[in-house]
Each structure stands twice: as structure tokens, then as C-alpha cells.
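I wanted to see how the two chains touch and how one of them is put together.

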Amino acid sequence: MSSTFCVSITHSKQDPDKATVGFVVANAAVGSDKETIAFLSTDGVWAAVKGEMEQMEVGDPFAPLRDLVQKFVAAGGRILVCSPCMKLRGITEDQLVEGAQPAGGAALVEWLANGSPCVTY
Amino acid sequence: MSTVPQHWHYEDVFDAFELGCGQLLLDLKLFMRTVAPGTAILLATRDAGSPVEVPAWCRLTGNRLVASAHPFYLIERKPDPK
């Protein structure tokens, strides 16, 4: 069984439900002792942007996205944010939340090519 | 109102209330870090997915599911890695 996991999140601002469930599953992976990355691309990049992610709350039974992301990072999860997707939206690195870092396709390909399963939201 | 099976013996309790899925599992993992290896934990989780989720989490993490009677689960904390 793989000891790593990847959750790819491609929606957030346009569909906060998907970003929320994506991070819930990412927390399930971290909580199940998997070394986990959340890879944010296209509209999903907003889920790691300060001032934006705080506005994403889909309601009970889900915690606000901010809380889910903070827990994920505090538990050792890494957030990789597609750098060209950031550039397209005018997002700079200093706008990212703690624990998130710009990255690109090579980082994702390397992670998956080493055997990590991946689920996309 | 369901009650904990009388014959269950446990040393600590983690009540997750309505939490399920990743919101439960990460908190459960962090809670397990606070108890000694071998400790018997009573987990209470009223989420409808827990009868599937909790056994899967135990298989993934190596913690032993001793018994279950939803919403209650008796789990023995795994040994620390050598």
C-alpha cells in the first residue's frame, strides 16, 4: 500500500463545495498516516489565497475552508499551488497562506510517478 | 438513545459528536497521539459513514478495532514505531 497520497483540487471560488470536500479528504489522508499533498490548480488556487479562502464556507456539517486548510498544514500536509495558474489570476506568492508554496507540473508528476494515488475535485 | 455495551472496558474517551470523514479522522489521529500505546479508547461518532470509515481508518493506521456497535467503537492504540 502506498504511504503517500495526493488530492488535486481544481475548484474553489467558483465551487467552494469541491474545495471543501477536497480538503476534508486531504485531512482524511493525513489523519490516516499518509504523507499527503494538496495540489491546487486552475480555479482551485484561490483555496490557498489569504483573504479569499476565508470567504469559503459551505455550512454544516463542513467546517469553514480556512479551518480545514489550517488543520491540514498543522498536521504536516503540504499545499502545492500551480504557479502559472497563480500568474494567470494575478496572485503572488506573498498572498498564499502559510504552508502553501508555488509549484508546477514537474512536482505533481514526480509525486504521482513515485506511486502516489490521486483523487481530483 | 444507544448506550455503550456494558462489557466494554476502556481507559479514555473520544467523543467526536457528529463529525465524520476527514474532519473526524484527523482529530482522532491527533487524539491518539495523547494516549499511551495499548490504551483502549472509546470512540463515539454519530456520523452515518462511520461504520465504514472507522474500520478503514484502523486498517490504514494499524490501530486495532476491538469491537464496534455504532455509534461506539472500541479501539486499542497501536504501539509506537520501533
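I am working from a predicted model, where local features need pLDDT of at least 70, side-chain atom pairs count only at pLDDT 80 or more, and totals for chains, interfaces and linings use all residues. Residues are numbered from 1 along each chain as its sequence is written, while chains are lettered from A and ligands numbered from 1 in the order in which they are written.

Interface. I found 13 residues of chain A in contact with eleven of chain B (C-beta atoms, placed from the backbone, within 7 Å). Helix α1 (16–31) of chain A gives the most to chain A's side, seven residues. (Helices, H or I with at least four residues, and strands, E with at least two, are DSSP runs numbered from the N terminus.)

Sheet. In chain B I see four strands in an open, mixed sheet, ordered β1-β2-β4-β3; strands pair if DSSP finds at least two bridges between them. β1 (12–15) and β3 (64–69) of chain B are at the edges with a single partner each, so one side of each has no neighbour in the sheet. β1(B) runs parallel to β2 (40–44) of chain B over four bridges, and B:Asp15 sits opposite B:Ala44.

Helix. Which residues of α2(B) are buried? I got B:Ser50, B:Glu53, B:Val54 and B:Trp57 (buried means 20 or more other C-beta atoms within 10 Å of the residue's own, C-beta atoms being placed from the backbone). Their cover includes α1 (21–32), β2, β3 and β4 of chain B. Just after α2(B), B:Gly62 has a positive phi of about 90 degrees.

Methods
Contact = placed C-beta atoms within 7 Å. Buried ≥ 20, exposed ≤ 12 C-beta atoms within 10 Å, placed from the backbone.
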